[in-house]
Amino acid sequence: MDAFTRFTNQTQGRDRLFRATQYACMLLRYLLEPKAGREKVVMKLKELESSVSTGRKWFRLGNVVHAMQATEQSIRATDPVPRLCLTLANLNRVVYFICDTVLWAKSVGLTSRINRERWQLWGARHYYCFLLLSLLRDVYEIALQMARAADHRARRERSSQDALGWQVGDEVSEDWLQSSLLLLFQSLKRHPPLLLDTVKNFCDILIPLNQLGIYKSNPGVIGLGGLVSSVAGIITIAYPQMKLKTR
């Protein structure tokens, strides 16, 4: 199982490179389509995007096992909130990859009795649930980090007040929104893996939102979001210490 996981991790790295190429083509195609004389370039980008998308399906064939192992690991998390969010998220991810495999079998002609639209809809729903639960976990982690940063700042301010003989009532209260945004910035700055995971999940969720008709986006927004999330994924695979750990 460990050897298979290492193999699928390497495959995921290749998939992320292909994914970045796919969404870069989508973004460039959207930017070039309104311009006259770019028809041939747009057509080549569209063909490359389609070819890369088809090639990515081969890299995802083994991801069902990897998602099942991730589910098993998330069950052992000590914190109940990430344990619940990640376990449910990974279960949805398993179903998504099953749908993806079925669609692959349909595309290569292994079966002709598959309703492509229905399976695509099921896959999009489970992908959306996976990303939504992952974002809930990110929000929980951000809230924890902000609470710790606020507690650290409060202790530091009390220490300064005691040393200088200030009274709490003499302190000018900060604007609540400004203070919250400052805490958010400090929390994400001190925890790059949390920032990367949040950005990746936020950008990715635009895709199923568009597929399900919940929030329609143009190909330019989808392409940019997919490209950013792919780059974030490449970083976490290339540098494992940048991956958000399960506590």
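1. The secondary structure of the chain consists of nine helices and zero strands. From the N terminus on, the order of elements is therefore α-α-α-α-α-α-α-α-α. The model is a predicted one.

2. Some totals for the chain come next. The chain has 247 residues, and 42% of them count as buried.

3. Side chains of opposite charge can pair when their charged atoms come close. The structure holds six such salt bridges. One of them links Asp15 and Arg56, whose closest N and O atoms are 2.9 Å apart. Asp15 belongs to helix H1 (residues 2-32) and Arg56 to helix H2, so this pair ties together parts that are 41 residues apart in sequence. Are these two residues buried or exposed? Both Asp15 and Arg56 are buried.

4. Another salt bridge joins Arg29 to Glu49, with 3.0 Å between the closest N and O atoms. Here too the partners sit in helix H1 (Arg29) and helix H2 (Glu49), so the pair ties together parts that are 20 residues apart in sequence. Arg29 and Glu49 are both buried.

5. A further salt bridge is found within one helix. Glu141 pairs with Arg137, and their closest N and O atoms are 3.7 Å apart. The two residues are separated by about one helical turn because they lie four residues apart in helix H5 (residues 116-164). Glu141 is buried, as is Arg137. Salt bridges with shared partners also join Arg29, Glu33 and Glu49 into one network.

6. Arg60 is worth a look in the viewer. This residue is found in the loop between helix H2 (39-59) and helix H3 (63-75). Why does Arg60 count as buried? Its relative accessibility is 8%, and buried means under 20%. Leaving out residues up to four places away in sequence, Arg60 touches Asp15, Phe97 and Asp100. Arg60 and Phe97 are 37 residues apart along the chain, while their C-alpha atoms are separated by 7.5 Å. Asp15, which Arg60 touches, is also the salt-bridge partner of Arg56.

7. Helix H9 can be checked for length. Its 20 residues should span 28 Å at 1.5 Å a residue, and the end C-alpha atoms are 28 Å apart, which agrees. At the start of H9, the backbone nitrogen of Gly220 has a side-chain oxygen of Asn218 within 2.9 Å. Which residues of H9 are buried? They are Gly220, Ile222, Gly223, Gly225, Gly226, Ser229, Ser230, Ala232, Gly233 and Thr236.

8. Val228 is found in helix H9. This residue counts as partly exposed because its relative accessibility is 33%.

Definitions and conventions. Residues numbered from 1 in each chain as written. Predicted model: local features only at pLDDT ≥ 70, side-chain atom pairs only at ≥ 80, totals over all residues. Heavy atoms only, no water. Buried < 20%, exposed > 50% of the residue type's maximum accessible area, 1.4 Å probe, protein only. Expected span 1.5 Å × (residues − 1). Polar contact = N/O pair within 3.5 Å; in protein donor to acceptor, adjacent residues only side chain to side chain. Contact = heavy atoms within 4.5 Å. Salt bridge = Lys/Arg side-chain N within 4 Å of Asp/Glu carboxyl O.
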